[in-house]
Amino acid sequence: MDIHSHCDPEHVRVTHASLDLEIDHAKKEIRGAVVLSLDRRDHESPLILDAKGLAIESVTGSDGSVRLWQLGPEDKNIGSALTIELVWADTSVRLAYHTTSRSDALQWLDPDQTADHAAPFLFTQGESIFTRTWIPLQDSPGVRITYDARVRGPAGQTIVMSAEQAGQATDGAFRFRMDRPIPPYLIALACGRLEFRKISERCGVYAEPSVVDMAREEFADTEKMVQAAESLFGPYRWGRYDLIVLPPSFPFGGMENPCLTFATPTVLAGDRSLVSLVAHELAHSWSGNLVTNATWSDFWLNEGFTVYFEGRIMEKIYGAERARMEAQIELADLEREMKELAPRDQILHIDLKGRHPDDGFSGVPYVKGALLLQRIEEVFGRGRFDRFLRSYFDTHAFRSITTDQFVSYLRGELFAQDGALAAQIDLLEWLGRPGLPADAPRAESKALAEVDRQIERWKASKVPADLETRGWVTQQWLHFLEGVSGTLDAESMANLDDAFHFTKTGNSEVLDLWLRIAITHRYAAADARLEEFLMTVGRRKYLEPLYKELVKSDAGRARANAIYAKARPRYHALTTATIDEILNVEKK
Ligand code: BES
Ligand code: ZN
């Protein structure tokens, strides 16, 4: 059923992984063993695992004797099938292995790529299909497993995982236990010089020493967010909710690893203005981690529900106007992006045949997905829709489901209540056709309408002093910059910069947008900041538009190539995969 995995769980299914690993920064290698527990529905069938970029050393059965195994040909997207011949009595297998330089989940950072420049750092990124590059297992989101781990690293470093901490062994190894079944893409690890600060009894933040206090301040509302989420859609079922702030090359804004969200340091704006990212990753504790997309074609079930849920958390804590601002900006971004997307990539229930799951990545599963849920809410009313969602999470807790299963649950539980209302929503269009349906809800924020008036004023006079910007929040500045971007040139950008200091801003969202506009209009005063940003930050969502804008001119392309030659070794493999394509870099 999952075209992105070789495994055959109907016959032999992995149910638990027990890891015993050692982290070697000098060799940039994780080595050790994994014991996989098996549910064998058919004793004639071999065990089939996914593996990519792994060096398998030996495979043994339950009794400790060797088993025959074979690594199949490598598919460039999904890697190899690792087939293991079992004997009748095998209830588990043990694989000794090590990772290689082709283990794309891993990013090994030299000390100078960290905030404190004091020690090397390692983190993993499993979603979508990268766990198979550091652990041989059945790497399909439909095959949920529990896990435990024992991991040794260098003295003085802290190791954290997406699991409950189970203390340290006498040899210094860190121990972990995840006793709720999760999809393999949620197994995650980080290792570095880390400190912890408590936020509440169940929440806290890990970061490098020079970052951790600022992070604690930025994320101070986390416990409130967990409570808001629980009041909406039921209990938080994962014990602790901690965050870790990673070094700036982390390829995403956030990653919802259970018990421990991984976050980019670019979220630390100093004024909590970007914390919708925390609301988002927290929301995944329900949508995504509790109820999971069964295949990557169902990815919108993870992200669309999460963007919807994120908006509800933001509304509860920061008010309806803030939530409307964020929703209006998301919709504008989606509409801009959709113009550039092929029709097949505008479809929620996306066909990924022959493609890597990440090739379908865009705002569509996120924002179009959330708009569908908002539309259902609008038609059926919040009360009924909230009751539906609550039971959706309870009914499917710790399960992986497909779009079709969602549709039949929706039809049976909500649409069946009122045929006239149901008739107002064309699910086939929403899920199966490109573009944005005409009935997509359009958030309208008063605070952004006020910005629109100032945009008009700017267009009339181009004098920054004429603008009334007092008290503007980040989202208003973003809306303003998008709104005026087409009218700017290098001179008017300099005037705006004198008045509002965009090139120096510490807000990464504002900076990213400003730098993109600076490339378009050849505003040279931002050149140094652009280079510094590209050299340090690895967040794909920021880098992709910047490089795309650079290659639009010959001079820009030359600059992009020069910077990328230096920056590429500092980016995560997921980021280089994207940027290589923009710059036509030959794959290594
Ligand atoms: N789960 C995603 C990140 C992801 C998606 C990793 C697909 C690999 C493949 C995460 O929850 C996410 O969406 N992060 C966003 C931030 C969010 C606020 C929209 C990001 O990283 O920008
Ligand atoms: Zn997400």
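Reply:
**Around ligand 1**

Helix 3 contributes three residues to the shell around ligand 1, the most of any element. Helices (H or I, at least four residues) and strands (E, at least two) are DSSP runs, numbered from the N terminus.

A word on the source. This is a predicted model, where local features need pLDDT of at least 70 and side-chain atom pairs count only at pLDDT 80 or more, while totals for chains, interfaces and linings use all residues. Residues are numbered from 1 along each chain as its sequence is written, chains are lettered from A and ligands numbered from 1 in the order in which they are written, and side-chain values use heavy atoms, with hydrogens and water left out.

Now the shell itself. There are 16 residues around ligand 1, and E127, G253, E256, E281 and Y366 come nearest. A residue counts as near if one of its heavy atoms lies within 4 Å of the molecule. By class, the shell holds six nonpolar, five polar and five charged residues. Here Ala, Val, Leu, Ile, Met, Phe, Trp, Tyr, Cys and Pro count as nonpolar; Asp, Glu, Lys and Arg count as charged; the others, Gly among them, count as polar.

Next come the polar contacts, meaning pairs of N or O atoms within 3.5 Å; within protein, one must be able to donate a hydrogen and the other to accept it, and residues adjacent in sequence count only if both atoms are side-chain atoms. E281 places a polar side-chain atom 2.8 Å from an oxygen atom of ligand 1. For H284, a side-chain N or O atom is 2.9 Å from a ligand 1 oxygen. For Y366, the distance from a side-chain N or O atom to an oxygen of ligand 1 is 2.6 Å.

How much of ligand 1 does the protein cover? On its own, ligand 1 has 520 Å² of accessible area, and the protein covers 90% of this. Such areas come from the Shrake-Rupley method with a 1.4 Å probe; for residues, only the protein chains shown count as cover. Strand 18 (254-255), helix 3 (276-283) and helix 4 (299-318) are the elements that give two or more residues to the shell.

One more detail concerns E127. This residue is among those that come nearest to ligand 1. The peptide bond from E127 to S128 is cis, with omega near 0°. S128 sits in the loop between strand 9 (121-124) and strand 10 (145-152).
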